[in-house]
Amino acid sequence: MTSLSKNASNSTMKDAPIIHYRNPKSGHCHKVELFMSLLGISYINHELDMVNGAHKLADFITKNPFGQVPVIVDGEHTVSDSNAIIVYLADTYGSIYPWMGTTPIEKARVQRWLSVAAGELAKGPAALRLEYVFGANIDVASASAITETLLKVMEDTLSGTKSYLATDSLTLGDIAMYSYIAHAPEGGVSLQPYPAIRAWVNRIESLANFIPMASSPIAEYRV
C-alpha cells in the first residue's frame, strides 16, 4: 500500500461527522467520498432517492439550488459541486500537504485539471458512462471524440517519469479525474491502449484509505 505523508491527513478534530448527500454510482460523489477517506475525515453518506426526484424537492434545493449531488454539510457550512467540495476539504482538513501545489505554476496546473474534470471529463468519459449506466440521451459521436483527445493528453502527461497529472505528487487534480477515468470502461471506453493511465489508476488505488466506487457492468467498447 502507498501511504500519503502524515501531513496529508486530517489534523483537526471534528465535533460531528460531515453529512454527504450522494448517489453511490456518481463519480462526482465518489471523488468527494474518496478524498474524505484519504484525509481520515468522519462522514455519513445520505443516499438521495433521485429516481423519485428527492434532489428536486425544496429541502434539498436549499442545499444546492441546481438540484445536484454531491453536497456536504459540515456543521454550519453547506458546500455543493464536487470540485468546490474537495477544495474546501483540502483547505479545512488537509493540514500542510500541498493538495493545490506549492508554486504558482503547480497551482495553475492543478486548477487546469480541475477545469478539465468539469469540462472534457464530464463531456467525454462521464457522458458515455451516463448513457450506459443511467440511460441518458447524449451525443455519442461528440463524447467519443472528446474522450479520445482527453485520454491521449492524459497518457502523454503521465508517460515517462511523471507519476501524477499536475505535479510529481498526488494533488486535487488527480482526485478530480480519477473516478470517471477508472470507471470509463462502464461507458464503453477501453483503457488498454493507455498503459500510463492504467498505472496511474493503480497508484491511486494503492493509497492507504482508498475506497472504491460502486461498479456497473463493463460495456461493449466503442472508444
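Start by selecting the lining of the largest pocket: by class, 15 of its residues are nonpolar, eight polar and four charged. (Ala, Val, Leu, Ile, Met, Phe, Trp, Tyr, Cys and Pro count as nonpolar, Asp, Glu, Lys and Arg as charged, and the others, Gly among them, as polar.) This is a predicted model, where local features need pLDDT of at least 70 and side-chain atom pairs pLDDT 80 or more, while totals for chains, interfaces and linings use all residues. Residues are numbered from 1 along each chain as its sequence is written, and side-chain values use heavy atoms, without hydrogens and water.

The space in this pocket comes to about 720 Å³. (A pocket is an open set of points on a 1 Å grid over the protein atoms alone, where a 1.4 Å probe fits, with protein on both sides within 12 Å along at least five of seven lines; lining residues have an atom within 4 Å of a point.) Zoom to S26, H28, V69, L130 and Y180, the closest to its centre of the 27 lining residues. Next, colour α6, which gives the largest share of the lining, five residues.

Now show helix α1 (residues 27–39) with helix α8 (residues 172–182): their axes are 8 Å apart, at an angle of about 130°. (Helices are DSSP runs, H or I, of at least four residues; axes are lines fitted to C-alpha atoms over the stretch in contact, with angles from 0 to 180 degrees between N-to-C directions.)

Finally, display the contact (heavy atoms within 4.5 Å): including H28, L34 and F35 of α1 and I175 and Y180 of α8. Its residues divide into eight nonpolar, four polar and one charged.

Note on methods
Helix = DSSP H or I, 4+ residues; strand = E, 2+ residues; numbered from the N terminus. Points joined across faces, edges and corners; volume = space filled by probe spheres on them.
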